[in-house]
Amino acid sequence: MSQRGPRQSVEMAAARTLILDEIQPLGAENQALRGAVGRVLAEELRASRSIPPLDNSAMDGFAVRAEDIATVPVTLRVVEDLPAGRWTDRKIGPGEAARIMTGAAIPDGADTVVMIEDTEPTTTQVRVNRSLPFGANIRRAGSDVSPGALVATAGTLINPSLVGMIAALGRTSVSVISRPRVAVLATGDELVEPDQLEDDGRIVTSNSYTLCATLERMGIEPIYLGIAKDEPEIIRDAFLRGLRADVVVSTGGVSVGDRDWIKQVLADLGGELRLWRVKMKPGAPLAFVTIDGRPVFGLPGNPVSSLVTFEQFVRPALLKMMGHRALYRPVEPVVLDDVYDKPTGRMHFVRVMLDRQPDGLHARLTGDQSSGVLLSMVQADGLAIVSAETTHLPAGTTVPVQILSREDLCDDPGFN
Ligand code: AMP
Ligand code: MG
């Protein structure tokens with residue numbers, strides 16, 4: 001059996017482009033308003049009605065005729081009491097006023113609202129102490145939106161205010177881009193689930209938990225396939241289950257070790273190996289395979305490598321599937337307060353803690369940077385990006401840092 005596809009190591013930016021070019025947004029589905037926040041709108045939204053539906057009061061006070069209060073003080077007869085939600089057919093005539101609360105519809109005849117602070121009311125009368133121009137303190141029908149007004153275009157990321165607006169238009173659901181079903185698979189004879197941990201040298205499949213948690217954070221409910229032993233048939237069965245989902249993400253078994261079966265199994269399943277090695281650290285061996293158009297990410301097993309490669313490749317790909325146009329974490333210039341040395345050849349993603357100081361953001365390394373040290377990732381606020389060619393960064397160098405502690409998204413990856 002041959003493993004088709006590239007064996008060459010690819011630059012970081014080229015790998016990202018290669019992957020994203022293979023990924024297409026999913027179709028649309030109907031989504032109830034509860035749960036719509038954070039999704040991407042799949043329809044153009046236009047107002048179907050006026051909001052507010054009627055002219056209404058912007059203040060608690062008295063609805064009057066502006067001409068009646070041209071000269072103040074003046075005393076008017078109170079002929080109606082209009083709390084919000086109550087309206088009347090009684091027309092307000094000369095010398096008359098209606099007691100009115102914020103949001104109540106303005107009765108016919110009245111054209112202006114005097115706020116309560118500018119009046120001295122009794123039960124049947126009100127003395128108005130302030131003259132106001134025609135139309136003061138009235139919110140006009142349709143002043144928020146009127147029928148046909150463009151509320152949001154397809155492709156908009158739905159925020160809580162937009163959920164409120166859709167509800168205000170009288171809708172209970174909205175068309176959004178679907179979320180991918182993502183299967184997560186751990187591979188390795190040395191792995192156990194946390195509740196099976198014993199003192200026999202085996203380790204917990206922490207990657208399963210970090211990856212599922214990352215998906216949950218993205219609003220994707222992971223389909224967890226558990227641990228597959230390093231046996232081709234077992235891995236094959238697991239992938240076959242996974243391929244019922246839209247995307248499969250596996251960890252481990254993707255290197256060149258004797259029992260690294262992932263690439264071979266995926267090739268046997270008809271997969272096209274699009275990408276294998278990327279010139280990055282941590283990360284390096286990373287298989288990107290498509291099977292019948294379905295993306296499979298074979299991430300490395302080392303805990304930091306799997307998370308960093310997920311961040312660089314899988315997260316933007318999943319966001320693209322969900323219809324997002326902005327796919328990337330923000331990258332900001334940060335002063336690195338530590339020295340950093342490396343050989344040439346690979347781009348490094350260095351775990352850093354951030355500290356906002358008067359002159360801007362500063363970063364310090366989170367200690368041991370080896371790709372097995374999960375604590376370095378636990379403590380990291382961001383990943384400092386050090387180009388492949390760089391060999392030495394003196395303390396005080398400004399470097400781009402991908403901010404992991406922020407969920408907002410950018411159009412641009414921020415580094416190449
Ligand atoms: P591999 O890529 O399979 O060669 O694994 C590389 C390293 O990552 C080994 O030390 C594994 O024990 C470790 N590793 C592999 N899979 C996991 C996992 N699911 N959770 C935590 N560590 C893992
Ligand atoms: Mg392994």
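Me: Is G283 buried or exposed?
Reply: G283 is buried, with a relative accessible area of 7%. Keep in mind that this is a predicted model.

Me: Where does G283 lie?
Reply: In the loop between strand 20 (280–281) and strand 21 (285–291).

Me: And what does G283 touch, leaving out residues up to four places away in sequence?
Reply: P300, S305 and T309.

Me: OK. Is A284 buried or exposed?
Reply: Buried: its relative accessibility is 16%, and the cut-off for buried is under 20%.

Me: Which other non-glycine residue has a positive phi?
Reply: N137 is one, with phi near 60°. You'll find N137 in the loop between strand 10 (125–128) and strand 11 (138–139).

Me: How accessible is N137?
Reply: N137 has a relative accessible area of 21%, so it counts as partly exposed.

Me: What does S57 have in contact, apart from its neighbours within four places in sequence?
Reply: N137 is on that list, together with I100, M101, T102, G103, A104, I106, V113 and R139. S57 itself lies in strand 4 (residues 56–57). At 0% relative accessibility, S57 counts as buried.

Me: Switching to the backbone: where are the cis peptide bonds?
Reply: One joins I51 and P52, with omega about -10°. Another joins V72 and P73, with omega about -5°. For context, most peptide bonds are trans.

Me: Where do those two prolines lie?
Reply: P52 lies in the loop between strand 3 (45–46) and strand 4. P73 is found in the loop between strand 5 (61–64) and strand 6 (74–82).

Me: Let's do helix 3. How many residues, and what reach?
Reply: Helix 3 (residues 206–217) has twelve residues. From its first C-alpha to its last it reaches 17 Å, close to the 16 Å expected at 1.5 Å a residue.

Me: Which residues in helix 3 are buried?
Reply: N207, S208, T210, L211, C212, T214 and L215.

Me: Zoom in on L215. What does it touch, not counting residues up to four places away in sequence?
Reply: V182, V184, I220, P222, F310 and L318. L215 is buried, with a relative accessible area of 0%.

Me: And how far apart are L215 and R86?
Reply: They are 48 Å apart in space, C-alpha to C-alpha, and 129 residues apart in sequence.

Me: What comes just after helix 3?
Reply: G219 sits there, and it takes a positive phi of about 85°.

Me: Now the whole protein. How many helices and strands?
Reply: Seven helices and 29 strands. The radius of gyration is 31 Å, well over the 22 Å that the globule rule gives for 416 residues, so the protein is more spread out than a compact globule.

Me: What size of box do the C-alpha atoms fill?
Reply: Roughly 95 × 50 × 40 Å, taken along the principal axes.

Me: What share of the residues counts as buried?
Reply: 50% of the 416 residues. The accessible surface comes to about 19,300 Å², and 50% of that belongs to carbon and sulfur atoms.

Me: What about contacts between residues at least 24 apart?
Reply: They make up 72% of the contacts between residues at least 6 apart in sequence.

Me: Last one, charges: how many positive and negative side chains?
Reply: There are 43 positive and 53 negative, and the centres of the two sets lie 4 Å apart.

Key:
Residues are numbered from 1 along each chain as its sequence is written. Chains are lettered from A and ligands numbered from 1 in the order in which they are written. This is a predicted model: local features need pLDDT of at least 70, side-chain atom pairs count only at pLDDT 80 or more; totals for chains, interfaces and linings use all residues. Side-chain values use heavy atoms; hydrogens and water are left out. Helices (H or I, at least four residues) and strands (E, at least two) are DSSP runs, numbered from the N terminus. The radius of gyration is taken over C-alpha atoms; the globule rule is 2.2 Å times the number of residues to the power 0.38. Buried means under 20% relative accessible area, exposed over 50%, partly exposed in between (1.4 Å probe, protein chains only). Contact means heavy atoms within 4.5 Å. Accessible areas come from the Shrake-Rupley method with a 1.4 Å probe; for residues, only the protein chains shown count as cover. Lys and Arg count as positive and Asp and Glu as negative; His and the chain ends are not counted. The place of a charge is taken as NZ of Lys, CZ of Arg, CG of Asp or CD of Glu. The expected span of a helix is 1.5 Å times one less than its number of residues.
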